[in-house]
Structures are given as structure tokens and as C-alpha cells.
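Have a look at the chain first, then read on.

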Amino acid sequence: MRIAIVAESFLPLMNGVTHSILRVLDHLQERGDDVLVIAPSTQDGEAPDQVKGAHIHRLPAVPLAGYTNVRVAMGGVYRVKRILADYAPDVVHLASPFVLGWRAAQAAHQLGIPTVAIYQTEVPSYAARYGVPFLENWAWNRVENIHLLASRTLVPSTFALNQLRGRGIPRVKMWRRGVDTARFSPEKRDDGWRAAVAPGGQRIMGYVGRLAVEKQVEDLAALAGVPDARLVIVGDGPQRAALEDALPDAVFTGFLGGDELARTVASFDLFVHPGEFETFCQTIQEAMASGVPVVATGRGGPLDLVENSRTGWLYEPGDLAGMRARVLDLMGDDAKRRAFAAAAHASVQNRTWPALCAELVGHYTDVMADRPAAQGSGSRAGAIQ
């Protein structure tokens, strides 16, 4: 296949969207597919023009106010339309589309190229968290318009499926996320790291993710004073300085990746994620693969990932006393925590990236087969009208 992936964000910025794209690129490279990634430009002059066999086409971009490492692509539909017309892909993959993805959805529709749109970020709900609630309806209109144009929309959780169907979006299917169960494993637990972080032998509560307003990391202040425990925050972002003030007893590691991240997560005793706007929450799945039970908010992706009283606990959004109570329940009972950990580890062993990416290719094939004959490749390889 010839596949164009339009990425709202990409390397060097590492987040859930980038992570998923990289795993997809691994799979497509192994299949021998021809892939073009269209993404915002980067300030890094050494950013590669090829990643995992895919050519990277960068569009001029400007930093997002207050979040300078996130860049927003400039320009209009015409520019994206010309790139797609020249490349003539069989299918366009829209990765968490909102700004650049909206232009690509229109361009592909005008060219008759089928699109698979991945709903991965609940952007409209961020509006209130960022102090601009009046933008929420506008943002939902944007999301709806993108997914109404898409040949197929893929969502990572039951919550997201019901959310989009409830807003009248048709052609919505489930596509979950894989996890690298070799990389994230209980075998990576590092007693030396634990001793350095918690020299008093305390149990370790950990969080992994962006340090941004929408992640609600400040809610972890409700865990202050949990007996014989240490809180570790892994990640970076615009809220780091404020969070260091709000959580003075926590250990902040900064951004970690690769084996260093796997070792750190496996060395936790409990993973806590307070965010309410997760369409999936890959870090929960990575913690479970590492043999770490989870306490998370009972909204969004965690509803599918965490089985109450078996692999972890879910608490009502906003109920920080409930969060603390569930943390105390597991941190104070070694036998229960070990049982939850074993169940969490077992629950994700069949969620491999190769299986999930093969499923994604099946969605590509379906939308290509559904394309009207008049919209075949011969009709879109010519000049733009």
C-alpha cells in the first residue's frame, strides 16, 4: 500500500500520538509499504527526513502559546491537497486530527482518497481546564466535521465509542492500543533504583505522563502523608515548576524513555493516574504489563483497562478522598497488592502491537474496498482542480 499519515504531532515531541505512529511505522516497514508522514516542522534542525522507512514531509509550524514544544502547522487545505495529489496514496491515516488533520480530511475528501481518522485526544474537554470553556462547543464542531468526512473513525475505548456515536458520528469502530510486553515487564524491577529513590524502604507510588493542565497531576497532592510511601512523577511539560511547588515531597525524574522508563515503571508498587480526559491511557497499560496495579479515574479509557477489585481501583471523577482511600487500600496490604499486580500483568499479555497494527491494516483495506470506482487512483493522480 501507499499510505499517507497526517500527524498532528510527531518527533521529536514524544506523546501518545507519536508513540502510536511509531509502532504503526514499525509494522508498515516490516510489510514493505510505502509511507509518507506529513507533520508540523520542528525547531530541531537535525530532525530526520526519514523514520522507520517513512519519508517525513514537514510543514511550517509555530509553537503553541504556553506549550512551546508543541507546534501547530500553518497553511491551508490547498497545500495539503497538493502534497496528497503528488503522492497519490491509497489511504490517508489521520492521527488525532484537529488542525492539520482538519485540512487533510478536506483535502483527501476533495481528491476522493479514503481516510481512516484516529480519535485519540479529547481536545474539546481541555477547553475548561485551560480557562476557555467558551471554546468547547467550537472544538466539538471541529471534531464532528472531521469525523463526518472520514471514511472510518477508529476509537480506543468504549467510552470514546459511545461519546462519538452520541454526537452523531457514523462509521465508528474500535481500535485499541498495543503494548510492548517484552519491554514493559516485571522482570525490569530494579531494587537499586528503588533504594536510591526511597532510601528508607518506602513503597513507591508513581505517575507517568505529560505535566500539563489536562492531566490533573496536581490532584496527587491528596496523597500527601500516605504512610511509608514515596511519590514519583515521571514526565515533563509546562506545569512542572508549578507541580514541584504543589508536590514538594515528590521525586520528579523528568522525561524518561526506552529501557529507563521500563525499569522505572516496573519499580513502582502502585501506578496512579488522576486524569479525567484520557481516551485510552497507554501509560496505564504499560504499568499493568510491568506488573503494577493501578488506581485511576473512572472516566474514559481507564474504564476499559482497569477491572475494579482485580487489577486496580477506579474512583469517581473529582473524588480525591476516594482516590486516597483506594491508594491506602493497596499500599497498606502487600498480599492484596501482589494479587492485583499479577492479575494486571496477565490481563494485557495478548495486547501486542503486531496484532493491533494488523487490525489497523484491515481497516485500511476495508475503506479502500468501499471507495467508489470513480474515485480510484487514476482519478486523483492528476493536477489539482
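1. The radius of gyration here is taken over C-alpha atoms, and the globule rule is 2.2 Å times the number of residues to the power 0.38. For 385 residues a compact globule would come out near 21 Å, and the chain agrees because its own value is 21 Å.

2. A word on the source: this is a predicted model, where local features need pLDDT of at least 70, side-chain atom pairs count only at pLDDT 80 or more, and totals for chains, interfaces and linings use all residues. Residues are numbered from 1 along each chain as its sequence is written, and side-chain values use heavy atoms, leaving out hydrogens and water.

3. You will find 14 helices and 16 strands (DSSP runs numbered from the N terminus: helices are H or I with at least four residues, strands are E with at least two). Of the 385 residues, 54% are buried (under 20% relative accessible area; exposed is over 50%, partly exposed in between, with a 1.4 Å probe and protein chains only).

4. Three aromatic pairs are counted (rings of Phe, Tyr and Trp, the last by its six-membered ring, with centres within 6.5 Å; planes under 30 degrees apart are stacked, over 60 edge-to-face, the rest tilted). One of them joins Phe-98 and Trp-138 edge-to-face, at 5.8 Å between centres and 85° between planes. Phe-98 sits in the loop between strand E7 (91–95) and helix H3 (100–111) and Trp-138 in helix H5 (residues 136–149), so the pair links parts 40 residues apart in sequence. Phe-98 counts as buried because its relative accessibility is 12%, while Trp-138, at 46%, is partly exposed.
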